[in-house]
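Here is a short briefing on a predicted model. Please read it with the structure open.

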Amino acid sequence: MTFDYDLFVIGAGPAGLAAAKKAASFSVRVAVAEQEALGGTCVNRGCVPKKFIVHAADFALQNQMAHSYGWSECPRNFDWTYFIHSVHQQIESINYSYFEQLQKAGIDLIRGHATFIDAHTINIDDRKFTADKILIAVGARPMQSPIPGIEYSITSREMFNLPYLPERLAMIGGGYIGVEFASMMNAFGCEVTVVETDDMILSGFDDDIRSGVQQSLKNRGIEFFTNCSAEEIKHGGDEGLLLSIAGNNSITIAADTILVATGRIPNTKDLGLENAGVGVGDKGEIQVDADNRTTQENIFAVGDCTNRLQLTPVAKAEAVTFANIVFGQKSQKLNYDYVPSAVFSRPEAASVGMTEAKAREKFGESIKIYRDRFQPLLFKLGNQDEQAMLKLVVEGESEQILGAHMVGENAADIIQCLAVAISKGITKQDLDDTIGIHPTTAEEFLTLN
């Protein structure tokens with residue numbers, strides 16, 4: 001059978017774009033379908049605009065410390081509308097850059113919502129396209145809590161389109177998305193409240209990271225209601241929105257904006273996967289094997305729409321691996337054991353490898369923990385109670401480093417560099433034998449005892 005394309009990619013986010021460009025480098029005919037802006041969630045309503053907001057918030061935090069460093073105090077105002085307009089201009093520039101890359105690579109971009117007719121045929125606005133191989137890279141979408149009044153809330157998708165900064169922001173969910181927005185909005189002067197069902201924020205991270213970030217944000221004035229769940233949202237007229245919570249505290253929180261950040265679910269609804277024989281799990285996640293192949297032999301899936309790690313670099317790595325295996329005839333496997341991750345709150349947090357709890361579960365009491373807490377040099381002049389935390393999880397006998405965790409300035413960059421060494425089997429002695437750069441926070445990893 002003759003097909004229109006050798007590869008048809010559904011979704012032009014980081015994974016879809018990476019797979020399309022890599023496949024095209026092997027001289028195969030490639031098309032990409034996308035119904036929204038190129039770049040997916042990360043570029044348009046996730047990592048990139050969020051990092052711009054982090055930088056803007058940093059100016060606010062630095063301004064608070066400036067007087068301690070000899071700078072005279074002067075009134076400054078933050079123009080949210082101007083800032084967000086600038087962010088969107090940058091995003092549009094990135095979108096256009098992706099479009100140019102597709103054109104240069106000879107990849108056809110087809111606009112519209114794609115649905116399966118069968119395992120080799122895609123429908124887009126009553127146009128049919130056939131392909132030998134199909135890759136699903138549709139990402140994930142914010143999960144909405146099924147509570148009364150949820151229509152009054154927003155998700156991270158709408159945060160970048162707020163017409164003004166809310167004076168009072170209530171956050172449902174204490175995962176990395178909720179914590180990052182809580183930190184940023186607090187720096188802008190918003191009154192922030194976080195509701196979390198667990199006993200601490202940042203579930204899945206090492207407990208020392210969870211407690212360190214939570215305590216620091218609490219010191220900055222953010223109010224936390226842990227072991228609590230959202231029950232109902234009402235419009236309270238002049239009082240604004242009213243969020244009722246239950247659990248350790250049963251109260252009503254008044255807010256101007258309520259952000260739901262309770263996680264993300266695969267964006268696989270209305271794709272017609274059943275028409276192609278593609279199996280999904282209970283949450284709509286596409287089931288794939290080690291080679292990213294679905295239950296249909298010629299259909300593959302990568303990124304957040306599968307049942308693996310929901311991180312942009314992971315999605316891109318899976319996409320390139322897929323193209324290398326299918327079109328480059330290369331044998332390649334991804335190692336998910338040492339994928340670093342970060343929380344761009346202030347203080348920043350980052351991790352790679354095993355948490356202490358996971359290590360104890362696997363190795364028992366033979367593991368060793370090296371940990372230190374201290375006040376970074378930056379905060380000493382301002383007499384701010386800001387603590388950095390560095391932690392290594394080490395296998396007892398070999399002293400191989402199983403995990404590294406950090407709370408403090410530049411945590412993401414420091415852990416990113418450590419991730420290379422840890423993935424190669426570095427030991428605690430290797431760190432001890434390395435000479436550091438002084439004075440830096442990173443050098444403290446070389447002297448932990």
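**Cavity and pocket**

The largest cavity has a volume of about 30 Å³. This is a predicted model, where local features need pLDDT of at least 70, side-chain atom pairs count only at pLDDT 80 or more, and totals for chains, interfaces and linings use all residues. Residues are numbered from 1 along each chain as its sequence is written, and side-chain values use heavy atoms, with hydrogens and water left out.

- The structure holds 1 cavity of 30 Å³ or more. On a 1 Å grid over the protein atoms alone, a cavity is a set of points where a 1.4 Å probe fits but cannot get out; a pocket is an open set with protein on both sides within 12 Å along at least five of seven lines; lining residues have an atom within 4 Å of a point. Volume is the space filled by probe spheres set on the points, which are joined across faces, edges and corners.
- Lining the largest cavity are Pro-142, Ser-156, Ile-177, Val-260, Ala-261, Thr-262, Gly-263 and Arg-264.
- The second largest pocket holds about 370 Å³ of space. Its lining includes Phe-59, Arg-76, Phe-83 and Phe-188.
- Helix α3 (residues 47-66) contributes the most to that lining, with 5 residues. Helices (H or I, at least four residues) and strands (E, at least two) are DSSP runs, numbered from the N terminus.

**Five-strand sheet**

- An open sheet of 5 strands runs in the order β17-β18-β21-β20-β19, with antiparallel pairing. Two strands pair if DSSP finds at least two bridges between them.
- β17 and β19 (368-374) are the edge strands, and each pairs on one side only.
- β17 and β18 run antiparallel and are joined by 3 bridges. Val-343 has Ala-349 in β18 as its bridge partner.

**Helix α12**

- The 13 residues of α12 (residues 411-423) should span 18 Å at 1.5 Å a residue, and the end C-alpha atoms are 18 Å apart, which agrees. The expected span is 1.5 Å times one less than the number of residues.
- Buried residues of α12 include Ala-411, Ile-415 and Ile-422. Buried means under 20% relative accessible area (1.4 Å probe, protein chains only).
- The buried residues of α12 pack against β17 (341-343), β18 (349-353), β21 (401-407) and α13 (428-432). Contact means heavy atoms within 4.5 Å.
- Just after α12, Gly-425 takes a positive phi of about 90°.

**Three-strand sheet**

- Three strands form an open antiparallel sheet in the order β11-β12-β13.
- β11 (228-235) and β13 (251-255) each have a single partner strand, so one side of each is left without a neighbour in the sheet.
- β12 (residues 241-247) pairs with β13 over 5 bridges. Leu-243 stands opposite Ile-253 in β13.

Definitions and conventions:
Buried < 20%, exposed > 50% of the residue type's maximum accessible area, 1.4 Å probe, protein only.
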